[in-house]
Every structure is written in structure tokens, then in C-alpha cells.
Amino acid sequence: MKKLVSSLVMATLLFSGISVVAAADTGADSTVKHSKAEKKEENRVKLNEKAAKWGVETTDQTNKEVKAAIQEAKAAKKAENAEKKAAKEAKKQEQLAKLNDKAVKLGVNTAGKTAKEVKAAIQEAKVAKKAANAEKKVAKEAKKQEQLTNLKEKAAKWGVETSGKSAKEIKAEIVAKKAEKKENKK
């Protein structure tokens, strides 16, 4: 009987150990499966966040479809940014061309200069041109006054009254006096 009881105990222990191991294995499998499911759900949540950021609809779409839509959205954004950059560069070149035209008109050398340097050079040239024009105007006025003075001296020599008369009127009277004198000599 001792043999029978000990055999039963051993069999119980043996089978209970197997069942414990088997129970542990099934528990481990379920946690692994649970981890995979959790991981898959976490990935889906992250994917949905990315999709929301890029404005992609995720309803009734697989993860692969969502990823592809996100990639398309990224590519579209890149293309849009490239277009904006190209438009900005074109506008910059157009402005530089206009600046260069102004610079050429004012005689400013633009070789190797940035837009800011060209603008500064144009401003300097404009100021110099205004100063030169002012000098020319002053010189012209001085010459006009000198001619008027000479004309008045001539008028005094010919006996022509100059007060309140323009230079043309004085010249006309001097010419008339010369013609009269020439007439008298004959």
C-alpha cells in the first residue's frame, strides 16, 4: 500500500507540475498576445495623431493606407513649400532686375553687389544727382545774371532805359538803336 500511495503522490505531483507549467505557458502566451494587441493599438493611436497633424482622414482605412496618405500629404507640403520658395526667389530676382535698371540709369556699377548694397548706391547716386542739378541751376542763374549785367551795360552804352524791362525787350531796343544809328550814318 505504501507503494501505491507513494505512486499516487508522485503521479499527482508529476501531473500537477505539468499542469502548472502548462498554465504558466498559456498565461505567458496570453500576455504576449495582449502585448502585441496593445502595441498594435498604440501604433494605431500614434498613426492617428500623425494623420490628424497632416490632415489625413483615417476612418475605414488600414494602417498602410493611412501611412501612404500621410506620405502623400508630406510630399504635397514639400511641393507647396518648394513653389513658395521659387516664387519668393523669382520676386527677389525681379526686384533685383528693377534695381539694376535704376542703377544703370544713374550710372551705378552693380557688379558683385547685393540688393541692399545696390539700393544704397542708388540712393547715393540720387543724392549726388540732385546736388549736381542744384549746382547746375545755380550756375545757370549766375550766368543769366551775368548776361543781364552785360546787357544792361550795353544798354547804358546805347542809351536804352532798362528798368522794368525783360532781357528780350532790352535786346530788341539795343538792336533798334544800332539799326537807327546805321541808318543815320548813311
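Here is a quick look at the helices, salt bridges and charged surface of this protein chain, taken from a predicted model.

**Overall build**

Let's start with the fold. Of its 186 residues, 12% count as buried. The accessible surface comes to about 15,700 Å², with 58% of that belonging to carbon and sulfur atoms. As for contacts between residues at least 6 apart in sequence, 2% join residues at least 24 apart.

**Salt bridges**

Side chains of opposite charge can pair when their charged atoms come close.

| Lysine | Glutamate | N to O distance |
|---|---|---|
| Lys84 | Glu80 | 3.4 Å |
| Lys98 | Glu94 | 3.8 Å |
| Lys165 | Glu173 | 2.4 Å |

How many residues apart are Glu80 and Lys84 in helix α2? They are four apart, which means about one helical turn separates them. That helix covers residues 63-106. Lys98 and Glu94 also sit in α2, and because they are four residues apart, about one helical turn lies between them.

On the accessibility side, Glu80 comes in at 36% relative accessibility, so it counts as partly exposed. Glu94 is partly exposed too, at 47%. In the Lys165 and Glu173 pair, Lys165 is partly exposed with a relative accessible area of 28%, and Glu173 is partly exposed with a value of 28%.

**The positive patch**

Lys154, Lys157, Lys168, Lys171, Lys178, Lys181 and Lys185 form a positive surface patch. Two helices, α3 (115-158) and α4 (167-185), each supply at least two of its residues. Which helix gives the most to the patch? That would be α4, with five residues.

Lys157 is one of the patch members, and its place is in helix α3. Is Lys157 buried or exposed? With a relative accessible area of 69%, Lys157 is exposed, since the cut-off for that label is over 50%.

**A glutamate on α3**

Helix α3 also carries Glu124. This residue has a relative accessible area of 58%, so Glu124 counts as exposed. Glu124 and Leu106 are 18 residues apart in sequence, and their C-alpha atoms are 9.9 Å apart in space.

Notes. Residues numbered from 1 in each chain as written. Predicted model: local features only at pLDDT ≥ 70, side-chain atom pairs only at ≥ 80, totals over all residues. Heavy atoms only, no water. Patch = residues over 30% accessible without salt bridge, like charges linked within 9 Å, V, L, I, M, F, W, Y side chains within 5 Å. Areas by Shrake-Rupley, 256 points an atom, 1.4 Å probe, with all protein chains shown as cover. Salt bridge = Lys/Arg side-chain N within 4 Å of Asp/Glu carboxyl O. Lys, Arg positive; Asp, Glu negative; His and termini not counted. Charge placed at Lys NZ, Arg CZ, Asp CG, Glu CD. Buried < 20%, exposed > 50% of the residue type's maximum accessible area, 1.4 Å probe, protein only. Contact = heavy atoms within 4.5 Å.
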